[in-house]
Structures are given as C-alpha cells and as structure tokens.
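This report describes the pockets of a protein model and the surroundings of its ligand. The sequence and structure are shown first, and the description follows.

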Amino acid sequence: MYTVPKLEDYSPEALDRAVADLFSALDAESRDLHSESDWKTFRDRWLARKNGVLTQINDTWLKAAPGAAKREVGRRVNELKARAEAAIEQVLGKLIASAVGAKIDSDRLDITLPGIQRPIGVKHPVLRVMDEIVAVFKAMGYSVGEGPEVETDYYNFESLNFPPNHPARDTQDTLFIAGQESKAARDRLLLRTHTSPVQIRTMEQQPPPVRIVIPGKVHRNDPLDATHSPVFHQVEGLAVDTNITFCDLKGTLDHAMKALFGSSVKTRFYPSFFPFTEPSADMQVSCIFCGGKGCRKCKFSGWIELLGCGMVDPNVFDFVKHNGYDSSKISGFAFGMGVERIAILKYEVEEIQLFYEGDVRFLEQFA
Ligand code: PHE
C-alpha cells in the first residue's frame, strides 16, 4: 500500500516522478474495490482530513519544502488534490455502473422462451349466426335496423294488434319493469318479448317502401331448458311496398334458408297465428339432419319448425297510416326467427345453455 515518501529532491523532474508514483498507486488501489463500502474506506484513506494521503502530502511535501520551491510545490499539490478527488469520484461511478450491469446480466431475458399468449377471442356463435342471417338479407337489398331492449307496452304489444288483456299476450310470457303502475298502460315498460316492435318504430320513421332486418336480444319469462332461454336473440324482417304478396314472402325465406343451410334444404309454410300478421304461418325446413326422411331430431316428421311469418295485418298499418301506410295501397310481409335455434341446428348444439356459459372449451370450437 502506498505511503507518502519524503522528498529529498524538489526539482521539477523529481516532483513529476513523485506525482506519477502517487497516481499509479491510486489507480492500483482503486482496481481492488468491489463494493461501495470498499470504496468508502478507500476514499477515507486518501481524502480524510486527518491523516489522509493528501493531508500527509501537505505535511510531508509542502511544509518540508525549501523556501524557494514552496510556490511550485504548492501549485502542484493543489492540482494533484483536485485530480485525485475527481479520480476517486470516478471510481465510485464506475463501481455503480458495473454493479447495475451485473444485475441486468442476471435478470437478462431469455428471448428463446415462449411469450405470454393472449388469445384473441372469436366472434360468439350467436353473434356469428346473427351476422350471417343479416348478411343474407343485406345481399337482397335489405337495410339493418335496431331498437331498444326496454320497450313500451305500446310498441311491444298494442301497436302490433295485441289489445290490452288479449290472450295472445300470454304466448309471450313477459318480464315487466317494476314501479310503472302510475303510467298509462301503453307507456309501461317491459323487456321486449320479440323484435317485432321495431317494425312499427321503423314505419314511424320512414314511409314505404321498406326492406329491413332487425337483429336483437329479446326476453321472455321462460324457464331455461335444453331449447329455451329467458334471454335469446331474433332477427326480424319487414318488407313493405306496393303489390307485396305471400309469394314474395315464400320466395324470400326459401332463398334465405338455402343460403343458410345449403341449397338442398326445402321450406314449407304451415298455418299459424300472430296478431300482427294475416295470414300467419310457421315456416318449416326439411330436416337438415336426415334430409327429410325422418329422424329423432325432427321427431320423425322430416320437418323442423323454424320461424314465424305472415303478411302484415292491416290493423298494424293503421297505427302508421299517417306516414304513408295505407293498407288499400300497400302490403307487406314480416318474419321473425330465433338466432339460437338456427345456431343449434347449424352447429348441432345439444343445449342452448352452452351459448351463455362462456365456457371456452365450447366457444373455441367456433374459432
Ligand atoms: N314476433 C314473433 C315471435 O317472436 C315472430 C314473428 C315475427 C311472426 C314477424 C310473424 C311476423 O314469435
């Protein structure tokens, strides 16, 4: 370890040599430091006011210098002190940098490891089928509309020719919003039981002609079973123009079913009843499992009932007469289909609940 030598010779060359020795000693000592506390000991050894190396230099070199050399020795000692202090500071900087470097080294990412996978979701099968149905009608020139899920009695029932207390209301067992008693019956709110209210809403907004499909969520007070859910989805359709006939309805739906299920599927129309269509029909498709031969799925009938439809009842047009819907001049057809029902057939899904449980083992099959 460096000790401050006594100087015999105060010539500039001798001073140069002494200074060079001192710095090479400082350099050698600084290379032996491994921690901040090593550095503190080192710093104190060199800079401590009491007996630090630089203080010793003051005593050993400067004070002992002959009068003639004092000035020059003083200048050199001051210069040397500043250089030594700076060098000692630098040593600490390097020490910290290499410590940080070592830490980064030990934490270094292994870029060959597989990354964290964040699977991108897929469109839910119900939405997918709904979009598919809508696309079939868009290709035929239909526009797309929407309406509110919380609906008034007027739009959900009354304007669709379900008079108050009419038994046809019971076929759509309904979820009512509480606390509506103070309102007039027609203004009371409920969760819409079908997308048909958007028929009236559309006709209030635009005069004929109309060609529109309305996808949306509907609610009924139905207990959950393999094929029923209190919340499900429908796609409604409405076409109004001059000379629209039942043939147009049949042709349109037949085309749509062939687009959805394949060109070999057949359709047939069975008499039915809805208050807002006259005549009304249930449309059936030839069983897509057995091709119409009869199987368990179609209860050996060869046919599967798929949707409700009919010609718009003139009583419905009367509610929007003011907007150009004069039933002596125009006519129209409407239909409403359950999206889950179609999805169940298309994908052979066993239980409707599977659509709502959010189980990725089920959903990823539609990826
Ligand atoms: N809204 C009817 C239902 O939910 C279906 C339907 C729509 C029937 C349009 C005829 C015309 O059952």
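In this predicted model, the largest pocket has a lining of 38 residues, and those nearest its centre are Arg220, Phe232, Gln234, Glu305 and Arg341. Two or more lining residues come from each of strand S5 (231–241), strand S6 (267–274), strand S7 (277–286), strand S8 (303–312), strand S9 (331–338) and helix H10 (339–347). The space within the largest pocket amounts to about 940 Å³. Its lining comprises 15 nonpolar, 14 polar and nine charged residues.

The second largest pocket has a volume of about 560 Å³. Its lining consists of 17 residues, with Thr227, Lys297, Lys299, Arg341 and Leu345 lying nearest the centre. Strand S8 and helix H10 each contribute at least two residues to the lining of this second pocket. By class, that lining divides into seven nonpolar, three polar and seven charged residues. Arg341 is listed among the residues nearest the centre of the largest pocket and also among those nearest the centre of the second largest pocket.

**The ligand and its shell**

Which pocket holds the ligand? The ligand sits in the largest pocket. Around the ligand there are 15 residues, of which His194, Ser196, Arg220, Gln234 and Gly336 come nearest. Arg220 and Gln234 also belong to the residues that lie nearest the centre of the largest pocket.

| Side chain | Ligand atom | Distance |
|---|---|---|
| His194 | nitrogen | 2.9 Å |
| Arg220 | oxygen | 2.8 Å |
| Gln234 | oxygen | 2.9 Å |

The ligand taken alone exposes 330 Å², and the protein buries 93% of that area.

The shell around the ligand divides into five nonpolar, eight polar and two charged residues. Strands S5, S8 and S9 each supply at least two residues of this shell. Which strand gives the most to the shell? Strand S9 does, with three residues. Strands S5, S8 and S9 are also among the elements that give two or more residues to the lining of the largest pocket.

Conventions: Residues are numbered from 1 along each chain as its sequence is written. This is a predicted model: local features need pLDDT of at least 70, side-chain atom pairs count only at pLDDT 80 or more; totals for chains, interfaces and linings use all residues. Side-chain values use heavy atoms; hydrogens and water are left out. On a 1 Å grid over the protein atoms alone, a cavity is a set of points where a 1.4 Å probe fits but cannot get out, and a pocket is an open set with protein on both sides within 12 Å along at least five of seven lines; lining residues have an atom within 4 Å of a point. Grid points are joined across faces, edges and corners, and a volume is the space filled by probe spheres set on the points. Helices (H or I, at least four residues) and strands (E, at least two) are DSSP runs, numbered from the N terminus. Ala, Val, Leu, Ile, Met, Phe, Trp, Tyr, Cys and Pro count as nonpolar, Asp, Glu, Lys and Arg as charged, and the others, Gly among them, as polar. A residue is near a molecule or strand if one of its heavy atoms lies within 4 Å of it. A polar contact is a pair of N or O atoms within 3.5 Å; within protein, one must be able to donate a hydrogen and the other to accept it, and residues adjacent in sequence count only if both atoms are side-chain atoms. Accessible areas come from the Shrake-Rupley method with a 1.4 Å probe; for residues, only the protein chains shown count as cover. A molecule sits in a cavity or pocket if more than half of its atoms lie within 2 Å of its grid points.
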